Amino acid sequence: MLTRKIKLWDINAHITCRLCSGYLIDATTVTECLHTFCRSCLVKYLEENNTCPTCRIVIHQSHPLQYIGHDRTMQDIVYKLVPGLQEAEMRKQREFYHKLGMEVPGDIKGEACSAKQHLDPRNGETKADDSSNKETAEEKQEEDNDYHRSDEQVSICLECNSSKLRGLKRKWIRCSAQATVLHLKKFIAKKLNLSSFNELDILCNEEILGKDHTLKFVVVTRWRFKGLL
């Protein structure tokens, strides 16, 4: 089978951010046109604009941040293609939080721990033959799993806006900013004993939110849901 080597600079245009000209970090894609940028670059740009930086298509007239999403696949590709990029980025983020005197978020800690847990602390070599230690490490990792408790958290108020549904007993909830509207719909459906979460719509500022929208880009905290029955 013939193979052909491709040099990194030949594909740089596909894995770099048009706004900062650097490799994509926390790759975020515009759902309307599928152009991808660094999350921090795109969020800063959309504070004063509502169009895609590449094709100038209008993302949304008033809430463009609700129509962009994290592109995990693209970010994985970038980290695999660019040697040392992921490690360098994790190091910069840890140094940033330490400099501000803040606790390092759990996901960044996890990256560091996963790289160290297979090393012998005495000489830095891998313990390939010690199966019992490996099992112990796996059990410890499971115990330390915080299930997104260390993510950025948001507090939201869920109010019923339909006469066909009863309201929630406790309408204020606190959850990970990585949670999506779909997660909320499933949560409400379970609490209200509905047969399907598809019977619900979740609104913000009287606009129906897409199921893949994360809470990270939603800046208001008063939400409403209504029944479709």
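Reader: Which residues does Thr16 touch, not counting residues up to four places away in sequence?

Author: In this predicted model, Thr16 touches Ser21, Gly22, Tyr23 and Leu24. You will find Thr16 in the loop between H1 and E1.

Reader: Why is Thr16 called partly exposed?

Author: Its relative accessible area is 22%. Buried would mean under 20% and exposed over 50%, with partly exposed in between, so Thr16 counts as partly exposed.

Reader: How far apart are Thr16 and Ala27 in sequence and in space?

Author: Thr16 and Ala27 are separated by 11 residues in sequence, and their C-alpha atoms are 9.5 Å apart.

Reader: What makes Asp26 and Arg39 a salt bridge?

Author: The cut-off is a nitrogen-to-oxygen distance within 4 Å. The side chains of Asp26 and Arg39 meet at 3.0 Å, N to O, so they form a salt bridge. Asp26 lies in the loop between helix H1 (8-15) and E1, while Arg39 is in helix H2, so the pair ties together parts that are 13 residues apart in sequence.

Reader: Are Asp26 and Arg39 buried or partly exposed?

Author: Asp26 has a relative accessible area of 26%, which makes it partly exposed. Arg39, at 24%, is partly exposed too.

Reader: How many salt bridges does a search of the whole structure find?

Author: The search finds 2. Besides the Asp26 and Arg39 pair, Lys171 forms a salt bridge with Glu159, where the closest N and O atoms are 3.5 Å apart. Lys171 lies in the loop between strand E4 (153-160) and strand E5 (172-176) and Glu159 in strand E4, so this pair ties together parts 12 residues apart in sequence.

Reader: Why is Glu159 called buried, and what is Lys171 called?

Author: Glu159 has 16% relative accessibility, and buried means under 20%, so Glu159 counts as buried. Lys171, at 36%, counts as partly exposed.

Reader: What makes up the largest nonpolar core?

Author: This core has 23 residues, and those with the most contacts inside it are Leu46, Ile68 and Val78. Strand E1 (27-30), strand E2 (36-38), helix H2 (39-46), helix H3 (72-81) and H4 each give two or more residues to it. H2 gives the most, with 5 residues. As a general point, nonpolar side chains tend to be buried together in soluble globular proteins.

Reader: Which residues is Leu46 in contact with, leaving aside its neighbours within four places in sequence?

Author: Leu46 is in contact with Thr51, Ile59, Pro64, Leu65 and Ile68. There is also a second, separate core of 20 residues, which includes Val154, Val181, Leu192 and Ile202.

Reader: What makes Phe96 part of a surface patch?

Author: Patch residues need over 30% relative accessible area. Phe96 has 48%, so it passes that cut-off and counts as partly exposed. Phe96, Leu100 and Met102 form a nonpolar patch with about 310 Å² of accessible area together. Phe96 itself is found in helix H4 (residues 85-99).

Reader: Which residues does the "domain: RING-type" annotation cover?

Author: According to the unreviewed UniProt entry, the annotation covers residues 17-56. In the model, the end C-alpha atoms of this span lie 15 Å apart, and the span is 20% helix and 18% strand.

Reader: How many helices and strands are there in the chain?

Author: The chain has 7 helices and 8 strands. Of its 229 residues, 34% count as buried.

Key: Residues are numbered from 1 along each chain as its sequence is written. This is a predicted model: local features need pLDDT of at least 70, side-chain atom pairs count only at pLDDT 80 or more; totals for chains, interfaces and linings use all residues. Side-chain values use heavy atoms; hydrogens and water are left out. Patches are made of residues with over 30% relative accessible area and no salt bridge: like charges are joined within 9 Å, nonpolar side chains (Val, Leu, Ile, Met, Phe, Trp, Tyr) within 5 Å. Accessible areas come from the Shrake-Rupley method with a 1.4 Å probe; for residues, only the protein chains shown count as cover. Helices (H or I, at least four residues) and strands (E, at least two) are DSSP runs, numbered from the N terminus. Buried means under 20% relative accessible area, exposed over 50%, partly exposed in between (1.4 Å probe, protein chains only). UniProt positions are given in the numbering used here, feature names are shortened, and annotations may be inferred rather than shown by experiment. A nonpolar core is a set of buried Ala, Val, Leu, Ile, Met, Phe, Trp, Tyr and Cys residues joined through side-chain atoms within 4.5 Å. Contact means heavy atoms within 4.5 Å.
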